[in-house]
Amino acid sequence: MAKDGNLITILSIDGGGVRGIIPSMVLVFLESQLQKLDGDDARIADYFDFIAGTSTGGLVTAMLTAPSEKNRPMFSAEDISKFYIHESPHIFPQELEEPDMKNGAFSPKYSGIYLHKKIKEMLGRRKLHETLTNVVIPAFDIKLLQPVVFSSLKARFDDSKDAFLSDVCIGTSAAPYYLPPYHFQHNSSEGTREFNLVDGGVAANNPTLLAIREAMKEMSRDEDSQRLDYSKFLILSLGTGSSKRDEKLEVGDGKEWGLFSWFMGPNGTTPLFDVVLTAMDDMVEIYMSVLFQASDSKDNYLRVQVDSLKYMEAATDNSTRENLENLKKIGRELLERPVCVANLETGLYEPVEDRGTYAEALIKFAKKLSEEKKRRLICQTD
């Protein structure tokens, strides 16, 4: 890591269901730029020391880092964007968009059977320690009432933490209400451990801080922890979009906001999850913005996010063909928007002078990644 170069590189991907299409389009662009610099075989996992993902971001993380038989990434960024288009309608079948509330009150909106089967088919028996770079994927254990952070770095040193990658992905994406909690057992030399998991988004929908924590723990093995500083980090944080500017929800006098209203918003959306997940994302972004401004390393942190989705575009499970294609278009158009940062007063993303578009910023980011990789190669040959 840092001892072989100048920087610790981190990629973080938020949760957001079908909205994972948006960061997948950003990754397609970034990977294409890396290939222009370093050849057609270049892949995202070759450039990041840590890739963190929650829920749908956890699945993207696994797809980016799962090894093929040739020990190369099984999936390109383009493969991931195609996955969302082709598989989302099967994961979230729209004939169940308006569930019978009598039954819906006692069971998840979707069975998860197709998602579980698909993930296990894709990832097979690959385990956490086998990922091509370090991954960090959070979930939440509802039996223990505590977050569980799956880390390939920990798994390499402790087989009690080396779960199957498929189990980790299913656990982190088990969104309450939408999909059932996921139970599995992991056998190791220390015995059997049970997991009862729901979506990692209830703990860390934006996992950037978790990735930084994991990186700093690893750095402290070799360096004086007092010397650690954020100027050593190069971080790309990808959001899945929000509907902040749509202002669809109105409280009124608040008297009608009981359990039903919180879970059944306009067109079957779930205001409670929208509020909670957006709040957590914003708190992380506020912290990161302040941190990197204060450390005079603002160019080492890039957050790619759009906050102007329509309320139905932001729905976790809106897998209609029209919406999926629209989200893909939004991801592409986002690249041509000016780089924005969150206004700490309003929470809205506002353009930053002199930073150009997201496409221009990602081209610069790709050059930094490529230069860092080349520095490390030189160090290894010296």
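**Helix α12 and its partners**

Author: In this predicted model, helix α3, residues 77-91, and helix α12, residues 321-334, have axes that come within 10 Å and cross at roughly 150°. Because angles over 145 degrees count as roughly antiparallel, α3 is roughly antiparallel to α12. The crossing of these two helices is right-handed. On the side of α3, the contact is made by Y84, I85, S88 and P89, and on the side of α12 by R321, L324, E325 and K328. Sorted by class, the contact of α3 with α12 comprises 4 nonpolar, 1 polar and 3 charged residues.

Helix α12 also packs against helix α1, which spans residues 21-38; here the angle is about 45° and the axes lie 8 Å apart. That angle makes α1 oblique to α12. The crossing of α1 and α12 is right-handed. From α1, the residues I21, I22, M25 and V26 take part, and they meet L324, L327, K328, I330, G331, R332 and L334 of α12. The contact of α1 with α12 divides into 8 nonpolar, 1 polar and 2 charged residues.

Residue G356 lies in the loop between strand β10, residues 349-351, and helix α13, residues 358-381. The relative accessibility of G356 is 30%, so this residue counts as partly exposed. Apart from its neighbours within four places in sequence, G356 is in contact with R337, P338 and V339.

Strand β5, residues 182-188, pairs with strand β6, residues 191-198, in the antiparallel sense over 7 bridges. The two strands are joined by a hairpin through 2 residues. Within this pairing, Q185 has E194 of β6 as its bridge partner. In a regular strand, side chains alternate between the two faces of the sheet.

Notes. Residues are numbered from 1 along each chain as its sequence is written. This is a predicted model: local features need pLDDT of at least 70, side-chain atom pairs count only at pLDDT 80 or more; totals for chains, interfaces and linings use all residues. Side-chain values use heavy atoms; hydrogens and water are left out. Axes are lines fitted to C-alpha atoms, for helices over the stretch in contact, and angles run from 0 to 180 degrees between N-to-C directions. Helices (H or I, at least four residues) and strands (E, at least two) are DSSP runs, numbered from the N terminus. Angles under 35 degrees count as roughly parallel, over 145 as roughly antiparallel, 65 to 115 as roughly perpendicular and the rest as oblique. A crossing is left-handed if the near helix is turned anticlockwise from the far one by less than a right angle, and right-handed if clockwise. Contact means heavy atoms within 4.5 Å. Ala, Val, Leu, Ile, Met, Phe, Trp, Tyr, Cys and Pro count as nonpolar, Asp, Glu, Lys and Arg as charged, and the others, Gly among them, as polar. Buried means under 20% relative accessible area, exposed over 50%, partly exposed in between (1.4 Å probe, protein chains only). Two strands pair if DSSP finds at least two bridges between them.
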